[in-house]
Structures are given as structure tokens and as C-alpha cells.
There are 4 protein chains.
Amino acid sequence: MVGGGAGAMIGEVHRIASRLDGHYELVAGALSSSPEKATESAAAIGLDPARSYADFEAMAEAEASLEDGIEAVSICTPNHMHFPVAKAFLARGIHVICDKPMTATLGEAEALAEIAGKADALFVLTHNYSAYPEIRRARAMVAAGDLGSIRLVQVEYAQDWLTEAVESKQAAWRSDPEKAGAGGAIGDIGTHAFQLAATVTGMVPNRLAADLSSFVPGRRLDDNAHILMRYESGAKGMLWASQVAPGTENGLKIRVYGEKAGLEWHHEAPETLWFTPFGEPARKLRRGGPGASPGGAGTDLERLSRVPPGHPEGYLEGFANLYTEAARAIRARQAGEPTPEGLLLPGIEDGLMGLRFIDACIRSATADAAFVEIAP
Amino acid sequence: MVGGGAGAMIGEVHRIASRLDGHYELVAGALSSSPEKATESAAAIGLDPARSYADFEAMAEAEASLEDGIEAVSICTPNHMHFPVAKAFLARGIHVICDKPMTATLGEAEALAEIAGKADALFVLTHNYSAYPEIRRARAMVAAGDLGSIRLVQVEYAQDWLTEAVESKQAAWRSDPEKAGAGGAIGDIGTHAFQLAATVTGMVPNRLAADLSSFVPGRRLDDNAHILMRYESGAKGMLWASQVAPGTENGLKIRVYGEKAGLEWHHEAPETLWFTPFGEPARKLRRGGPGASPGGAGTDLERLSRVPPGHPEGYLEGFANLYTEAARAIRARQAGEPTPEGLLLPGIEDGLMGLRFIDACIRSATADAAFVEIAP
Amino acid sequence: MVGGGAGAMIGEVHRIASRLDGHYELVAGALSSSPEKATESAAAIGLDPARSYADFEAMAEAEASLEDGIEAVSICTPNHMHFPVAKAFLARGIHVICDKPMTATLGEAEALAEIAGKADALFVLTHNYSAYPEIRRARAMVAAGDLGSIRLVQVEYAQDWLTEAVESKQAAWRSDPEKAGAGGAIGDIGTHAFQLAATVTGMVPNRLAADLSSFVPGRRLDDNAHILMRYESGAKGMLWASQVAPGTENGLKIRVYGEKAGLEWHHEAPETLWFTPFGEPARKLRRGGPGASPGGAGTDLERLSRVPPGHPEGYLEGFANLYTEAARAIRARQAGEPTPEGLLLPGIEDGLMGLRFIDACIRSATADAAFVEIAP
Amino acid sequence: MVGGGAGAMIGEVHRIASRLDGHYELVAGALSSSPEKATESAAAIGLDPARSYADFEAMAEAEASLEDGIEAVSICTPNHMHFPVAKAFLARGIHVICDKPMTATLGEAEALAEIAGKADALFVLTHNYSAYPEIRRARAMVAAGDLGSIRLVQVEYAQDWLTEAVESKQAAWRSDPEKAGAGGAIGDIGTHAFQLAATVTGMVPNRLAADLSSFVPGRRLDDNAHILMRYESGAKGMLWASQVAPGTENGLKIRVYGEKAGLEWHHEAPETLWFTPFGEPARKLRRGGPGASPGGAGTDLERLSRVPPGHPEGYLEGFANLYTEAARAIRARQAGEPTPEGLLLPGIEDGLMGLRFIDACIRSATADAAFVEIAP
């Protein structure tokens, strides 16, 4: 693991998620950019001091030279470090599991795409929300045509933790353009919402219009984004990302409407998927429960569940699904086998998509929220 | 009553709403533009045939000349008839209770504003959703500063009844520009959402950007609207109005976020208002139940309730609130007294606001959804 | 109307419910047992003073002798007056619409049954909750076998308004055995829950065990009832009625489970009926919306709705359904026609059932909550 | 681990729960009563074959003799094996973490209590639901007097998986009195509900009346239980446990009402606790979120959470809380330190309570559901 030292929320999440299904063991780390803190953090989580490194370059080099060196690295640093760290490990054939957004700039993302294309290692981006079973089911239902042609995509991600000027570790780097990149809310949570919509619908908009705001005095990045989206197919969408909406917690929510039916999913109750065929009663689909359509092709939902319906699985289990799928892909690769069917591993393409989204938002915002193309 | 003949949903709503609290008796009508149907409809609801008129002009003239002629008229026609009918009755000093949008065009709205300004009669616009007790409470809470300065307004109104090409009476005129005016979803339900946001926040945006769609082949007016809003104060908003979202029924919903707290209200459960002060547990406020703040000035919520909490009141009771407030205003006027305190009667200003909203949406839509000013 | 004077909640409910669909006009009353208050109350609601009576006997006699005397009377008095008032009007061939429980004692109920059997007038008991469209739908679904053979009936009715010792008008007589009869919560709300379960399932238990409590010091009647029920078919049930459960409002709720499926309905959202077939996704049925089974025999749900789905109808509309069904039955009787099909008018049988329920509860409670037979 | 071989749901739950926070490593097992299946299951989860035992006695003996033998054992067998297995390990000073109910009979439970009292090892019973943070918060609030004196306890646990005669592994032993003990639903889920009520209220009823049913033809144990409860304090309660309620999943739910306020918690949304002070708006308390009262004594809720509010934690995290508390208690004991403050580890007392509950249910059921004492 690189990053994820003491006090970092997301590092602990990666550690639990990797451990949950028993496919990973954490054996080495460069847990902080401060060597002292790296050492302390390593001790706190029981790492062998010999494999606690002062910086990621040293770690990549040392681990690559060990016979039983790490097979994969988790990158849990602030955004601006994703690129150099990923590059260092990919270059040595070590698989990378990286937090999102993929990089701080679109240029870096494109460079990383090239590097990853040539590397002998996997690159996985932890868009964890796309690994919830009911999101996978939604994707399968859209693909199977249960909704008919898609017309509308309403997605939102609302939080309240930046309602006031705050100084917590998580908030600090996220509101600093040097470390977070050009996007505030759009980078931190907007990319999740955008990727979730793409996962469910199988479509990416080609144009967007973005009205970005920084409501809290002194804040240097956006803390609220109001975005309109247009798809080549004629579908349209709205995306709202906010970190200043008091009373919301981690309110990711998606609604998709087609000619024949709608779907609705809220992160607050991630095991429920509403299916609303036009002219029929709404159906409440539940993780592990019976479905509305006769099984979407390529969906292997059982594999993403651990306990029966009614025994709530949540955020850590969803995150673990991604780690477990990555493990299966890595094992297959090590065995010279093809990637197992039914996996859905976000990677370079999702990362590029995220940076293009951020880039388009900023271009639109500087043009008074005019519609702009989402590259390429 | 003018309009509201057999098969018209909203005519029956106005009749029940007016009757519910016992302040009105329906004694005369021109219930349809077809004289034959007008006669049949009058018989069906038990009107005295002598006071069932073949057209509204005849009715206005005859009733104005009767000693016990009507005191007020309800206008339940398609949109394009609102203006001439309202004009005919206002000119004769008969109070007008008119469905929304106020007129078919902004020009008519401005003309009616002038007429009403000179008339010796009230003009009430039935923005019924603004008469729900919990909406009034929300308004009082915002006015009292419970949310702090407002930052965000997220409002939506989603229906599914126009998902397919339909030919019902209600759908027919609503999708005909000659009768509905230039707005489809934006006129029929967008104006409600816009007025609701203004009611709750006490603010009207000064700019908007609108992406309008007609998803159903052959439809001549918009059936979906994606709208961004900006307020002079720096607040921002999103408005979504759709009639093609399968599984939604009459999904009006508003969320308002300020520096200190949020509010959330859904029409599906109109007696519940969520109050979410930052850093405190969410509170579920209920019609007739205890409040969060020590009573907003000018709010007289008890008057808007008939039965204790837990005995659901709904759409017809909300609509009746408006009729009853109109009756109180009319009685006061007849008695030469000032309008009672605490009334909130939507009228000409709300009507003008609605038409300006429609007008701005269409101007923006024709400019690729660029931000435009909302007149005046 | 007899009873229902100023300050009486249920009197106003009966007045609105009768007026809502336009089938009744209130023309006479004996609104209070205090002549002075009767006069004031009559004036307050605009009754002709000549038809405001000082007592119900005078009213029955006078109205029976008028050519255009009342056709029906609403009884909204405390429970102990139901019997004498109903008797007085039935004896004169005036239809009776009476609040529940039917009488204060089982003896009175049996006497009234005999009187009503010989009277030339209808007797309707306002078990209003049984007139919600989704309750009627539930009944039709059970009757159609959608649930298979019924195994379990879980019904509850929880309120909190008697949590503390209170002196309001409503509370006063309800906690006085002289006026309420032997049942407190079991009479006031338990009978509603019991009748609702019978309406939905089409079955009445033959045995019950009741643990009754009076939690508030000084209270003379039960304010909480814990009841077990057994049906002849082998089905079992639980009934909870409480008036001391803080945070509940008017929490009537029923869940029925059969061999094949379950149903769930909450008064808090009376337009939603959950249908849960075993091994299939739960379906959310909505008033006015599409159903799960191909229409139950004898159900005429459209007639019980006024506005489209998503425009909430509530308590007063449900109550009005009963008044309107009574009007249809009365009109048919006046015309010498058979009672229209599809009506479901609670009457003498429901009243007897309620008093037998109360009687059994008290017998069980005095036997340390042993199971007892529910007469006859 | 003893029990928990391939196909056993609860074994996998214990494995994940123990691993989640990183305090346990699974190194030995007797995973099945069938030696062959034990070997296969051990291989499937990667156990060292040398430490996969054919029976629990062999395992206890061998592990106790190893220098690095297991410190604790998880017992995941059918109920009838809990006693002999627990005895074998406790006798050797190995800590026991045992699934519920503690034993198959009350006699065994009493014997185990004696054994455990003399053993140099901890005995922990996995009443996992009592380890949800919001349940702990509820307990602290009751203890702090936020509800006033408790009057009512309404608890239920409804499932539907035994609606039909089923032959799955889980169902097979649970409906066999030889393996499950005398209780069906009352043992499997009723004990959870009973223990949850005791956890929240801090009180155990002294009397109960139970109506037990076996609805599915041929079923030998109860699949539905309707139970009334009485507390020495005068409080009363209802407990419903069912495995034949179609549409319910794992529907554990508790509501507690006192003189001043109520609390409500549903397992379906385990991170939400409703607090309903009489005469005030309901408050929605959320895991990790702000509270209603100024922190209950001995509650250390932060320790029971891993991720911020809005990132759902569920069943496995709740179960892991118990494992982690056990680890902390074990470590303290090993270090010769007192048990850390704020732990709440269900153990022998809870196990005895559960068996006394089952015993009382059966005694009452055989006496036509008369109230009986809950021993001792």
C-alpha cells in the first residue's frame, strides 16, 4: 500500500476491503509522504518494519527485487500522487489498484493510459460503487433491454461534510488544487456519479454543461456542481454533485428512465433496486433476491453476495467485491488463463473518462455553463 | 365554473376542493366549449339548467346582472382560454379563481396583470401545492432564518403519463401548442415546481438555462425539461420536469439547502417535512405536529389542518386550503375589511412569474441551453 | 347529526366526509347534550335554528313529522349514547350512520341488532378504515386466493395521545367507563383494528387472549392491549392496540401472510399496498394504479378514487367513501331497487363483532390473559 | 473453528467477521462431523491439513498441546453440539466463541454455566445483533433515562425461508429436534429477539405466554411463535418470531416505549435509530452521526464504526464488532489486565436467558398459552 497512513479514512477502507474475502495479505507499505509518519503507521497496523518504506520509489524497487515481493499495490494517496506511483509500479510489472480520480490532470491520465497499455500488469481503478450487486443487476437489465431505449439519466451525489470551512485531513488536500487536481466536488464525487451512470446505462454522454460553485468563502475548488448531459443517442441527463448539502451523508443516487421502464437506486439502501415498468406495479428487487428479468447475460450476482437477503451488506462489501474481482483477474493472468467471464473491473478507460469529465466541466464552467464536447 | 365538463379531471378537483370546507356552492357554469356537452355536464352535476350557459361571455353577463349572481368563478379550461375568461369576469367585478398557468402567452399575462390591477375583484391562481401546511411551514422556517442563507434549490416534478403517445382528453390539449401555449411539461408542471421553489425560499431566480426535449415521436411540445437556475443572491438551483419518467406518479419534490440546514419535502408524503440542521439529527416534522422552530411569523398552520396528525390529509385538502383562503379574502373584501393576516394567495404575480419562466425556458432552449435572463 | 358539537373532532370529520362527494346536506342537528352548547354549535356551522334541537328525541320526533325531514342521521356522540339515539331514529324509519363502537355494552348491541332487524331503515357503522381503496383491494386479493390459505394476521393500532394524563374533550369521555363502555383502547381503536383484519381476511377469530393495561396512573380503562388471536381455520394472529406509544400518531397497520404470499398496509401511507408473493420481488401497489391480480370479484376500486395516483387521498376521502356508499344504498332502497353490487357497508354485524371482541378481551383479561371464546 | 464446513452459511459469516478487523487468523478446524467433508472444507478455505481435525475432541487435545495452538475457538455447529464442544475447549483453557442458542437444552445450559464459571477461559455467545452501534446507542439512551420508565417492548423477528417444506442444509437441522433442541423458530430467531430486547431495555421479563405453531405440514418444531411478556416493573411486551411470513427477509425489529419517549430500530436499515420524544419531532439518529442525548455512560460507539455515516455498514460489520470486542477481552486477559470498559460481550448469562426463554415458551404452549414464570 502507498498512502493510507494513520488518520486516512480511505486507506483503512482499502485494507478492510482487501482482507474481507481473504484474497490479500498486506505485507509492505509506504504509508505516508512523511517518513516518520510512515513508520508509525506501519507499526500501528503491524507491518514488518523491514518492508515499511520511506517513499514509494524505494518500495517499488525493493519489492520488485524480492522473490516474494508484493504482487499488487494499492494506491491511497492524494490525487496528485496517483500518476507517479502507478507509473513506478506498473513499470516493474506490479499490479496496481488505484483510488479515483485516476490522476490529477487529463494529460497525466493520457500518459498513464499509454504506460499501462505497455505494462505487464493490471491497472484497476476503485470505482467501488459500480461493484454493488444491485448496480450490476441494473446494468444487466438495461443491457437486456428491460427499459427499452434510454431517455433520461438522473444522477446525484450529495454530501454535507464541506458545508463549513473545515480543516480535517480528508478535507485539506481535497480542497487544494495542487493535490486534488482541478476538480473539487466534481473530482472527488462527481467522477463516481459519472462512472456509475456509465456503468448502469452502458453509455457515456458526449456533451455537457456545468455550472460550478464554491459556496464556502475561501474555498479554492468547486464544492457544488450542477451539470446537464447529452448523449449521442438523444438521451439526456442531469448530474448534481455537492459537498455542501446539510443533512445528506453520502447520497449517491441514480434514476434511469427508458421508453418502457425505470430503475432507481440509492446508496443509502444499496441492496434495493426499484424496477418500475410503465403501467405495472413497482417492484422492489433485493440483493440476493429474485429478479425481474430472466438473468442478464454475463451477470454473476451470486458471486458478489456473502449472506442471504435481509442480512445487510454495505460499503465495505461492495469495495471488497472490486478487490476480489481484481484478485481473480490477477490469478488468471498469473496462470496464463483468460480473464474470467463476468468480471467488471474499472480501469484505464474509466480513469480517462473521469478526467475527461472533469476537464469538460471546467471548460464549460469558464464558458458560462455552455454545452461543450467531452473529449476525445 | 367555466370549463370542467364531464371527463375533465381538474374540474372535479375544483368542485370537491371548493365544497370541502363548506365555503362555496356551485350554482352556475359554462362547463364546456361544446354547448351540448355543457348541458349534459351541468345536468350530471345537478346545476340548475337556467344557469348552465353555452358560453362564458353569456354566463358572465347573465350572472353579473342577477341579484344573487355568482360571487366568484372557477376557470378550469385549457390554458388558451384562461385569459379571455378571466378578463370577462374581472371586468364585471366577479372574483376569479383560475387554474395555472395563468395564460397561454407572456403577452396575455402582462395584459391580464393590467386588467386585474384595475378590476374590483380578486384574482387567485390555483398553485395548490403551495397550500400544503408543510410547505407553509417550510416557507416560514426559511423566512425565520432556520436554514441560514440559501445556497441550493433542487426541485423536480416527474410524471409518467405521457411516456407513450396518448390520446386522453387531458393529454390532448396539453400537447397542442394552440391550446396549451408554448410550454408542454414546463407549462403544465414546470410552473408548479418553479412556483413551489419561490414559495418555500421567498426568492425567484434571475437567470436560467433550459434543455427541453420532446421524447415521444410526434409530440409538438416539450415532455422533459432539464433546467439550471441562478439567483441574484448567488444561490443556484436545478429544476427537472418530466412527463416521461416511468414509475413516477405525480412526483413533485423540493430540497433546499442553506448554510446551516436543509429542508426536504416530497409530494408523495405531503404531510412530512424533513429538517436537517447541519451536525444534528434529521427531524421529521409532521402536519399538525410539533415544530423545529418557534413558529414562523405569519404562519397559521392550524387553520390549514382538519384532522390530527396521522389521519392523512392530501391533495384535495391542500387544494381546499386555497379555496378556503380565497373565501376568507373575498369575505373580508365584501365586508370592507383588510385581507386577514397569514393568507398566502397566489395571484397575478405568481402567474406572471410562471409565464416569464416558460418564456425564458424557450429562449434558452433555442440558444442551445445558454443562460438567459428571466424577465422582466 | 346528533353529537358533534363545537370542539368534537369526529363531528367535523363526519360533516366533511358527508359533504365531500356532494351526496348529503346537513339540515338538522342535536349537536350537544348541553342545550346551550347545541345552539351555539348549530349557529357556528350555519344550521337553521329551527332545526337545531335540544335533545335527540325531540329531533327524531320533529324531523320524522316533516315532509322534507332528514333522510339519515349521523351519530357522533360518546359511546353510551349510540344505542338510545340509534333506536330513536331507526324506530322512525330514519337511516342511521353511527360512529363505532356500536354501543357501550354487548347487551345493547344485541338489542340494537334486534331493533335494526325490524326497522325500515339502514344502519351503517363508520368503520372508515375499511373503505380505503387499498384495503378493498387487499380484501379482494385474499378472496381471490392470491395469498393461498391464510396463516398469520398481524394487526396493530398505536397512538400516543394518552401517554400522559390528559383532560381534552376527546380524552375525557373516552377514559370514563360510564360514557365509553368497558373498553378503553380496545373499544376506541382495538375495534377498528379487529374489524380491519376481518375486512381484509374475510375471517373472524373464534378465540382470543388479552393482556390489558392501564399505564397512566389514575386511568380507569385500558390504554394498552396485547392480544393473541386464533381462527377456526388454524390461522393465528396478534393484535396490539395502544394509546401510550410516544411517537406513533394514528398507527393502524396490518400484515397478512398466507401459504403463497403476504400483504402489508400502513395507515401512514394508505394508498400503498405491499404484495409479497413468496419467491418473487415485492410489488408496491398504489391507489388507482395497476394491480397484481386480474381484478377481485365485486371490487369496484375506481369508484373509491377521485384523483389519479400520486395525488394523495387520505382519511377524509376514505371516510367519504363510506358516506357515499351509504348514500348509494339509501337511494337504491328509496327507489325500491336492490343494493348496488360491490358496496361494502359495515353495519350491525360489524358492530356486534366489535362488542363481542371487547367482551372477550375483558373476560380474558380477568382470567390472567387465558384464551377465551369470542361469542356467540 | 468447529463446524462451518462447506455449504454452511454461518461458518462463512464467522470467518469473515473474525477476519474483518484483523484480530484473528484461522489456523485450525474440525469443520464437519463427516471426516471426509471436514478435510475437503479445510482444503477449500486453505487450512493447513495438519491442523484439520476429524473431530472436535482431537482438535481440542492437539491444539491445547501445541505451543502456538489456537487461542480461541469458534463453534458453528448445529445446536446440539454446542455443549460438548464448548466443554471440551473450555476445559483446556481455550476461549470459546459460540453461536446461539448456547445449548440444546436448559439442563445443558446450566451445566455449561457451571463449567464456564470454573474455566480459565472466556465464553462469548454470538448474539451479533446486540453489537450494532445503533443498538448500543439505544441501550445507552434507555439507561440514561431518555425514555423515562419503560412501559412497552414490541419486538419481532420475521423470516420467510421456511414458508414451504424445504430441505436445504440450514433448514434440515434447524427443524430436527435432535439437533436443534426443543425450539424451532423460538430457538433460532426468538432467542435473538429476546436477547435484543434485553440488551436495549436492560430488563428481562419474568413471565411469558406463548402460542407456538407449526404451520408447514410435517414440520416437527415451531415455525411461528406469538408471545406476550410481562416484566416485574409492570412493563409489558409482545414478541413475534416467524419463519413463514412471505416477503420478510430477516426482519428483526424492536420498538420500545417509555413514559417520555420511544425508540425504533429495524434490521433492514440497521444504521438508523428513531428517537421519538413525546410532543417533539421524531429524530433520525444515524450510525456515526450526532446523537440525541449527551452520550450514554460506557458507550464507545466510535469504536464500533469503520466508515463515516452514509457508507453503509451491515451484518458482517456488526458480527465483526463482537469478534473484535472478544479479541480485546482476550488480549486484556492474556495481559493480566481488567476487561476494557465499554465492552458488551454476550456470554453465559445471555445463553442461560435464551434457554430459559425456550423452556418457558414450551411450558406455556403446552398449557394453552397460559402465562408461566421464566425461571429461575
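Trainee: What do β3(D), helix α5 (residues 106-118) of chain D and β4(D) make?
Mentor: A right-handed β-α-β unit is formed by β3(D), α5 and β4(D). Right-handed here means that, with the strands pointing away from the viewer, the path from the first strand over the helix to the second runs clockwise. Helices (H or I, at least four residues) and strands (E, at least two) are DSSP runs, numbered from the N terminus.

Trainee: What should I know about the model and numbering?
Mentor: The model is predicted, so local features need pLDDT of at least 70 and side-chain atom pairs count only at pLDDT 80 or more, while totals for chains, interfaces and linings use all residues. Residues are numbered from 1 along each chain as its sequence is written, chains are lettered from A and ligands numbered from 1 in the order in which they are written, and side-chain values use heavy atoms, with hydrogens and water left out.

Trainee: How many bridges join β3(D) to strand β4 (residues 123-125) of chain D?
Mentor: There are 3 bridges, and the two strands run parallel. D:C98 has D:L125 as its bridge partner in β4(D). Strands count as paired if DSSP finds at least two bridges between them.

Trainee: And which way does strand β2 (residues 72-76) of chain D run relative to β3(D), parallel or antiparallel?
Mentor: Parallel, with 4 bridges joining β2(D) to β3(D). D:V73 stands opposite D:V96. The chain gets from β2(D) to β3(D) through helix α4 (residues 82-90) of chain D, and that β-α-β crossover is right-handed.

Trainee: Where do the side chains of β3 (residues 95-98) of chain D point?
Mentor: D:H95 and D:I97 point one way, D:V96 and D:C98 the other way, and all are buried. Buried is under 20% relative accessible area, exposed over 50%, partly exposed in between (1.4 Å probe, protein chains only). In a regular strand, side chains alternate between the two faces of the sheet.

Trainee: Back to α4(D). Why is it largely enclosed by the rest of the structure?
Mentor: Because 7 of the 9 residues of α4(D) are buried. D:F83 and D:F89 are among them. The buried residues of α4(D) pack against β1 (2-3), α3 (56-65), β2, β3, α5 and β4 of chain D.

Trainee: New topic, α3 (residues 56-65) of chain B. Which residues are buried there?
Mentor: B:F56, B:M59, B:A60 and B:E63 are buried in α3(B). They cover an arc of only 100° around the axis, which puts them on the same side of α3(B); the arc is taken from the directions from the helix axis to the C-beta atoms. On the other side, B:E61 and B:S65 are exposed.

Trainee: What caps the N-terminal end of α3(B)?
Mentor: B:D55, with a side-chain oxygen 3.0 Å from the backbone nitrogen of B:E57.

Trainee: Over to chain C. Is C:T163 buried or exposed?
Mentor: C:T163 counts as buried because its relative accessibility is 2%. C:T163 lies in the loop between β5 (150-158) and α7 (169-174) of chain C.

Trainee: What does C:T163 touch?
Mentor: Not counting residues up to four places away in sequence, its contacts (heavy atoms within 4.5 Å) include C:V216, C:Q243, D:R151 and D:F278.

Trainee: Last one, B:P290. How far apart are B:P290 and B:A113 in space?
Mentor: They are 39 Å apart, C-alpha to C-alpha, and 177 residues apart in sequence. At 35% relative accessibility, B:P290 counts as partly exposed.

How values were computed
Polar contact = N/O pair within 3.5 Å; in protein donor to acceptor, adjacent residues only side chain to side chain.
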